[in-house]
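Hi,

Here is the structure I promised to pass on.

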Amino acid sequence: MPTSVKENYLKALYFLDKEDGNISVTELSLRLKVSKPTVNTMVKSLQDKGWVIYKKYQPLQLTEKGQKAAARVVRKHRLTEMFLFKIMGFGWEEVHEIAEEMEHLDSEKLFSRMDEMLDYPSFDPHGSPIPDEDGNLPKQASLLLAEVPNGRKVKVCALANSSKELLTYLDELQIQLGTIIEILKTESFDKSLLIRCDEKSPVVISEKVGRSLLVRELK
């Protein structure tokens, strides 16, 4: 089985563990869009490598070794995204697919050089934390824009959803990391938000978009 396939499983397990911590074969199957028998076979292979604890009818668990291996893949992906965005001038909506391919390169020297050229960033272009070489994640206090009370001003610090469609839409609204947003009104009917970005004209965004933006309140 190609290393890239195993790393994709590790990455899926890593994110499911962060989201829920109670990972089932069914959840992993849905996340990767493959059959449960295929997942069962791969999970047994990951267990043989010491990356996963797999017991029938019990949640899957990443071992400490598995956590570090998965974090390494995530680190390579997010460093690549930041390099493409910051050094090469790609848009934040363009970097994911390229990083998906580069995350499987087995070259510590390459990614260490990227890290150095970027001055050791803690977050990628979408505000997602970049694991360090030991797999540790930086912390960033944030809340969903949709949950901010009217009249407050906040700064966009990350995205809860970094789909290409959302990123393109945010580009149209000229919303990016660091944008200052004032909540003018939240509609009681559909929870849509009337907001002002960087002192520009007010715009309306849906609750879905409001739940995709992670923000930090201004002091």
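To start with a quick one: does Arg 75 count as buried or exposed? At 10% relative accessibility, Arg 75 counts as buried, since buried means under 20% relative accessible area, exposed over 50% and partly exposed in between (1.4 Å probe, protein chains only).

Before I go on, some ground rules. This is a predicted model, where local features need pLDDT of at least 70 and side-chain atom pairs count only at pLDDT 80 or more, while totals for chains, interfaces and linings use all residues. Residues are numbered from 1 along each chain as its sequence is written, and side-chain values use heavy atoms, with hydrogens and water left out.

Now the overall picture. The chain has 8 helices and 8 strands; helices (H or I, at least four residues) and strands (E, at least two) are DSSP runs, numbered from the N terminus. Of its 219 residues, 38% count as buried. The C-alpha atoms fill a box of roughly 55 × 40 × 30 Å along the principal axes. Take the contacts (heavy atoms within 4.5 Å) between residues at least 6 apart in sequence: 58% of them join residues at least 24 apart.

Back to Arg 75, which is found in helix α4. The side chain of Arg 75 makes a polar contact of 3.0 Å with the side chain of Asp 115. A polar contact here is a pair of N or O atoms within 3.5 Å; within protein, one must be able to donate a hydrogen and the other to accept it, and residues adjacent in sequence count only if both atoms are side-chain atoms. Leaving aside neighbours within four places in sequence, Arg 75 is in contact with Asp 115, Ile 130, Pro 131, Asp 132 and Glu 133.

Next, the cores. A nonpolar core is a set of buried Ala, Val, Leu, Ile, Met, Phe, Trp, Tyr and Cys residues joined through side-chain atoms within 4.5 Å. The largest one has 22 residues, and those with the most contacts inside it are Leu 13, Leu 28, Val 43, Leu 46, Val 52 and Leu 60. Two or more residues each come from α1 (3-19), α2 (25-32), α3 (36-48) and α4 (64-86), and α1 gives the most, with 6 residues. Apart from this core lies another, of 19 residues, among them Leu 170, Ile 181, Val 209 and Val 215. As for Leu 60, its contacts beyond four places in sequence include Leu 13, Ile 23, Leu 28, Val 43 and Tyr 54.

How do the helices pack? The axes of α1 and α3 come within 11 Å and cross at roughly 95 degrees. (Axes are lines fitted to C-alpha atoms, for helices over the stretch in contact, and angles run from 0 to 180 degrees between N-to-C directions.) That makes α1 roughly perpendicular to α3, a label for angles of 65 to 115 degrees. Val 5, Lys 6, Tyr 9 and Leu 13 of α1 make this contact with Thr 38, Val 39, Met 42, Ser 45 and Leu 46 of α3. By class, these residues divide into 6 nonpolar, 2 polar and 1 charged; Ala, Val, Leu, Ile, Met, Phe, Trp, Tyr, Cys and Pro count as nonpolar, Asp, Glu, Lys and Arg as charged, and the others, Gly among them, as polar.

α2 and α3 pack at about 105 degrees, with their axes 9 Å apart, and are therefore roughly perpendicular to each other. Here Val 25, Thr 26, Leu 28 and Ser 29 in α2 meet Lys 36, Val 39, Asn 40 and Val 43 in α3. The contact of α2 with α3 has 4 nonpolar, 3 polar and 1 charged residues.

On the strand side, Leu 213 sits in β8 (residues 213-217) and is buried, with a relative accessible area of 0%. Leu 213 touches Leu 143, Leu 144, Leu 145, Val 156, Ala 158, Leu 159, Leu 170 and Ile 181, not counting residues up to four places away in sequence. Leu 213 and Val 156 are 57 residues apart in sequence and 6.7 Å apart in space, C-alpha to C-alpha.

Finally, the backbone. Most residues other than glycine have a negative phi. Gln 174, in the loop between α7 (164-173) and β5 (180-186), has a positive phi of about 60 degrees. Glu 199 has a positive phi of about 65 degrees, lies in the loop between β6 (193-197) and β7 (203-205), and counts as exposed at 58% relative accessibility.

Cheers

Key: Angles under 35 degrees count as roughly parallel, over 145 as roughly antiparallel, 65 to 115 as roughly perpendicular and the rest as oblique.
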